[in-house]
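Good morning, colleagues. I would ask you to keep the sequence and the model in view while I go through the sheet, the cores and the aromatic pairs.

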Amino acid sequence: MKQKGSSPATGHCAIVERFNSRWDVKDLIDLAAVQKALSSKSTLQKLAKANSVDKILELLALTEIQMLSDYSELQAQTYIKGHILSEKLGGPGTNVNLTPMSASSNSTYYSAFESKLIKSLQDFRKEEKASGYRVRIRFHAKCSGGMKPWWSSASKETSRMLSKLPRTLKASWRVDSFFKDGKPGERIAKSKLPASAAKKMPKATGAKPVTYPLAL
């Protein structure tokens, strides 16, 4: 691939930066928000009737403090910004191509899916040079589901945050078509590939579609 990939950029897939931050309580207090809450008569009335610490913190806009005990659980998983399309294949390190995943899931994704795709493309490249025809690959990926806390004492704020993150990644690739070297506008089906070229491209013409589901 001609496009050059890039490492995850700061500020992209920012939820991982939040997971991995070492928080001080002072960092989690929005003084202006607390003052605004205390200036509200209705909030003061609700505070007087509140029957739980979580409710009091919520009314005072201190939900981040509720999450302090959750961060040790989140950080124990070593979450990273994972590329959906490998950086080695031109995948950018931006929001469009990043998803939070555990370091172990990222390792599994590379060994079970990405490395095999990279190897196949390297093989195809050799066949392209020998045949004078290029291979067009179709890559597709979809994140789905919502994560849930894996510990029993998670705060409501953490549960809401995790529910917005995908639980699974389903990635797939297949050989889409071929084109003669120098004519990228062509779209030649495998069945229409000249026999002389097909004979020199056994791995490309024989490649089966690959789908890989990953738990993030």
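This is a predicted model: local features need pLDDT of at least 70, side-chain atom pairs count only at pLDDT 80 or more; totals for chains, interfaces and linings use all residues.

I begin with the open sheet of three strands, whose order is 3-4-5 with antiparallel pairing; two strands pair if DSSP finds at least two bridges between them. Strand 3 and strand 5 stand at the edges with a single partner strand each, so one side of each has no neighbour in the sheet. Direction ignored, neighbouring strands of this sheet are turned by 20 degrees against each other on average. Strand 4 and strand 5 run antiparallel and are joined by six bridges, and Thr 168 stands opposite Ala 215 in strand 5. Helix 7 packs on the sheet and touches strand 3, strand 4 and strand 5; its direction makes about 165 degrees with that of strand 3.

Residues are numbered from 1 along each chain as its sequence is written, and side-chain values use heavy atoms, with hydrogens and water left out. Helices (H or I, at least four residues) and strands (E, at least two) are DSSP runs, numbered from the N terminus. Contact means heavy atoms within 4.5 Å. Axes are lines fitted to C-alpha atoms, for helices over the stretch in contact, and angles run from 0 to 180 degrees between N-to-C directions.

Next, the cores. A nonpolar core is a set of buried Ala, Val, Leu, Ile, Met, Phe, Trp, Tyr and Cys residues joined through side-chain atoms within 4.5 Å; buried means under 20% relative accessible area, exposed over 50%, and partly exposed in between (1.4 Å probe, protein chains only). The largest nonpolar core has 24 residues, and those with the most contacts inside it include Tyr 109, Val 135 and Phe 178. Helix 7, strand 3, strand 4 and strand 5 each supply at least two residues of this core. A second, separate core of 15 residues includes Tyr 79, Leu 98, Ala 154 and Leu 162.

Leu 162 leads us to helix 8 (residues 156–163), where the buried residues are Thr 158, Met 161 and Leu 162. They lie on the same side of helix 8, because they cover an arc of only 95 degrees around the axis, the arc being that of the directions from the helix axis to the C-beta atoms. Helix 1 and helix 6 are among the elements covering these buried residues.

Rings of Phe, Tyr and Trp (its six-membered ring) pair if their centres lie within 6.5 Å; planes under 30 degrees apart count as stacked, over 60 as edge-to-face and the rest as tilted. The whole structure holds seven aromatic pairs. Phe 19 and Tyr 79 are edge-to-face, at 5.4 Å centre to centre and 70 degrees between the planes. This pair links distant parts of the chain, helix 1 and strand 1, 60 residues apart. Tyr 79 and Trp 150 are stacked, because their ring centres are 6.2 Å apart and their planes stand at 25 degrees. Tyr 79 counts as buried because its relative accessibility is 5%, whereas Trp 150, at 34%, counts as partly exposed.
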